[in-house]
Amino acid sequence: MRLKLYRRGVTPQKTMATLALVAVSALALSACGGGTNSDGSVNGSGKTLNVLVNVNTLYPEQQKQWMSDMSTKFKAQTGAELKYETFTSANDELTKIQTSVVSGQGPDVYSLGTTFTPTAYATKAFVTLSADDWTKVGGKDRFNQAALGISGPDQEHQAGIPFVSRPFVLAYNKDLLKAAGFDKPADSWDGLLAQAKKLTGGGNYGMAIGYKDNFDPWKFIWAMSTQAGNPLVDGSKAKLDDAAVQKAYQTYFGWLSNDKVVDPASVGWTNSQALAAFSQGKTGFMLMTTASSIVSLDKSALAGKYAYALMPTIPPGQSSSPAGATPAASILSGDNLVVADYSQQKDLAFAYVKLVTSKEEQLNYNKIFGDLPANAEALKSLTDAKLAPITDAATKSFATPFTGAWGDIQLALTNVVVQSIPELSQAGVTDAALQQRLKEAQDKAQSSLDRAAKG
């Protein structure tokens, strides 16, 4: 299946030209938001603010309640209505951005995964934050400064306002590892596989993986390739057809088809289904998870019997990190809030951002969903010892390339997995099939980079 990112009859070149025209036109729009009250707060009476967020597949009912609560609080504070729209996948996320930018209308505020911030920034259709804008959301120093690492191409040109931080780690079953003679997870992918093999058997599996997840498969490939010294983007060149990338996919697919350390049913699992399987206590490792899993695990049979650790930082086939390679423990991950430049509700938009990034609301969000606060005071106030490896991962995270092409590249990496699912369900993915898919991904990535370079 090929992901179609442009409407029929609209070429990438025409789309980018239209984006530029819309962006120029948007600059002329007023930043009104309903005026201000005598105390300086925004008066949004009679107005409606539209916010786009990702569907939370782990906690859908809790998200609905959170949206309702935020709408009530926002109306009490500003007098304005607050309405949420949702997206369900990375492809849907990119399509929402493109559709709104081309039409010049849509949500006022977007909550985007950090890796999509460069794509949004490249359209020039979202507010590049001024000093006054930062003041309206509580000041730049309100935020954990590390979370600002992918807000823009540099400190003077930033569009993304940190909402939550979500570094990736692995969770492990302490009892199963102890019974197998391990005191902690290995720091290399080969070592982790060796442990997983020993943990597999008698109805237990070494790893829980969501091969059909809409967001996470490419992150394994990015990590292993980066750790091997192969950046997926090197200047103006894509490097998706590098041997390190092929090795990463072979390793990732091999856990299912060759090594048999994951449940065969995982070929159809999302990350939330993998977490549910891990929480039953019959799996050694849950890979590529975040602090959001705490809420589920603490209510499961595994409560008190699990811990977190860094993901391996030594690439497949290696016993130590190659010289000059980046030992990335995680992508710089989380959600950023961006404000549409076409919005006629900018003051209301900034009022919303100020509300949801306050210490009180950030701690409330952490309690409900588990994600780490981007608010510096809220983050500092967390004392749960389980979070130590996760905060460590945050310090050892690295940003994906800040290029408008990254959204397409990320989807191309995921599409290799999507196309391989039928074969994974059977005998496995052949080297020939993988090489062909990587060639297609490489061509798509390079084409996107070339378009981005032309502006």
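Contact is taken here to mean heavy atoms within 4.5 Å. The structure is a predicted model, in which local features need pLDDT of at least 70 and side-chain atom pairs count only at pLDDT 80 or more, while totals for chains, interfaces and linings use all residues. Residues are numbered from 1 along each chain as its sequence is written, and side-chain values use heavy atoms, with hydrogens and water left out.

With residues up to four places away in sequence not counted, Asp-335 touches Ser-111, Leu-112, Gly-113, Thr-114, Ile-161, Pro-162, Phe-163, Val-164 and Arg-166. Asp-335 belongs to strand E12 (residues 334-339); strands (E, at least two residues) and helices (H or I, at least four) are DSSP runs, numbered from the N terminus. The relative accessible area of Asp-335 is 12%, and the residue is therefore classed as buried (under 20% relative accessible area, against over 50% for exposed and in between for partly exposed; 1.4 Å probe, protein chains only). The side chains of Asp-335 and Arg-166 are joined by a polar contact of 2.7 Å, that is, a pair of N or O atoms within 3.5 Å, where within protein one must be able to donate a hydrogen and the other to accept it, and residues adjacent in sequence count only if both atoms are side-chain atoms.

Helix H9 (residues 243-257) packs with helix H16 (residues 406-424) at an angle of about 35 degrees, the axes being 12 Å apart. Axes are lines fitted to C-alpha atoms, for helices over the stretch in contact, and angles run from 0 to 180 degrees between N-to-C directions. On the H9 side, Tyr-249, Tyr-252, Phe-253 and Leu-256 meet Leu-413, Val-416, Val-417, Ser-420 and Leu-424 of H16.

The largest nonpolar core contains 59 residues, of which Met-207, Tyr-211, Tyr-249, Trp-255 and Leu-287 touch the most other members. Such a core is a set of buried Ala, Val, Leu, Ile, Met, Phe, Trp, Tyr and Cys residues joined through side-chain atoms within 4.5 Å. H16 supplies the largest share of this core, eight residues. Another core, of 36 residues, lies apart from it and includes Ala-80, Val-127, Val-164 and Phe-369.

Positive phi values occur at two residues other than glycine. Lys-260, in the loop between H9 and helix H10 (271-278), has a phi of about 55 degrees. For Met-288 in strand E9 (residues 283-289), phi is near 55 degrees; Met-288 is buried, with a relative accessible area of 5%.
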